[in-house]
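Thanks for coming, everyone. Please bring the model up on your screens.

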Amino acid sequence: VPPGFTLFNGARQVVARGAGGAAVVFDMASGEAVRQTGDPAVYLTRVWARELNLVDTERLEINGMPAATGRAAARMQGGDRELRLVVIRERPDRLFRLLFVVPQAAAARHRPEFQRTTYSFHRLTPKELADIRPLRIKVVTVGTGDTVESLAARMPFDAYRVERFETLNGLGREQRLVPGSQVKIVTY
């Protein structure tokens, strides 16, 4: 995603949020509508964005995969937004969808970043697949000298470690840990 965007992983989609209300929403479409359309451009215009007034629609190829894109204006809570929709066919029964949302006033500035994000999409290589390690919850016993900060530092996150640790364990700010008690941490 573009620099400065923060990823939030959900059960059905991944959302990246940036400054000023900019966002990227990534999800997957599958099922009968995908199989029936057979073409990313047809899915884009007749299924996903059928209620939008799409402009600048075009067919693309993204790293060997057929794709289609279009843009629309939308009035949303907080003001007018530009939407960029991208559909990428990974296989006959699976389409990946990217929705870029940005305030109209900032649209031109974000277009190159969104285009880089779109064209960075690729199938994972065997090595990339092998390198994926799922995160796990581990229960650990608090030792003498352990603090919220020291245990949070063991978690594989770059940002908000302490906040994540506190939330995971139902702890309030500045709450001290009791040696011998058990807490949860996230590990690989």
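Which residues do ring pairs link into a cluster? They are F5, F100 and F114. Keep in mind that this model is predicted.

Now the wider count. Searching the whole structure gives 5 aromatic pairs. Take F26 and F96. Their ring centres are 5.7 Å apart, and their planes meet at 15°. Planes under 30 degrees apart count as stacked, so this pair is stacked.

F96 is at 13% relative accessibility and counts as buried, because the cut-off is under 20%.

Stay with F96. F96 also pairs with F121. Here the centres are 5.1 Å apart, with 55° between the planes. That makes the pair tilted. F121 lies in the loop between α3 (107-119) and α4 (126-131). F96 and F121 are 25 residues apart, and their pair again links distant parts of the chain. F121 counts as buried, because its relative accessibility is 16%.

Next, charges over rings. R133 lies over the face of Y188, 3.8 Å from the ring centre. What sits over the ring of F157? The charged end of R164 does, at 4.1 Å from the ring centre.

Now the pocket. How is empty space found? A probe the size of a water molecule is rolled over the atoms, and that shows where space is left.

The largest pocket has a volume of about 550 Å³. Among the lining residues are F26, F157 and R164. L135, D158, A159 and Y160 are also among them.

Which element gives the largest share of that lining? Strand β1, residues 6-9, does, with 4 residues. T6, L7, F8 and N9 are on the lining.

One last point, on residue types. The lining divides into 8 nonpolar, 2 polar and 2 charged residues.

To recap, F96 pairs with F26 and with F121. F26 also lines the largest pocket. Thank you.

Note on methods: Residues numbered from 1 in each chain as written. Predicted model: local features only at pLDDT ≥ 70, side-chain atom pairs only at ≥ 80, totals over all residues. Heavy atoms only, no water. Phe/Tyr/Trp six-rings, centres within 6.5 Å; stacked < 30°, edge-to-face > 60°. Buried < 20%, exposed > 50% of the residue type's maximum accessible area, 1.4 Å probe, protein only. Helix = DSSP H or I, 4+ residues; strand = E, 2+ residues; numbered from the N terminus. Lys NZ or Arg CZ within 6 Å of the ring centre and 35° of its normal. 1 Å grid on protein atoms, 1.4 Å probe; cavity = no way out; pocket = protein on both sides within 12 Å on 5 of 7 lines; lining within 4 Å. Points joined across faces, edges and corners; volume = space filled by probe spheres on them. Nonpolar A, V, L, I, M, F, W, Y, C, P; charged D, E, K, R; others polar.
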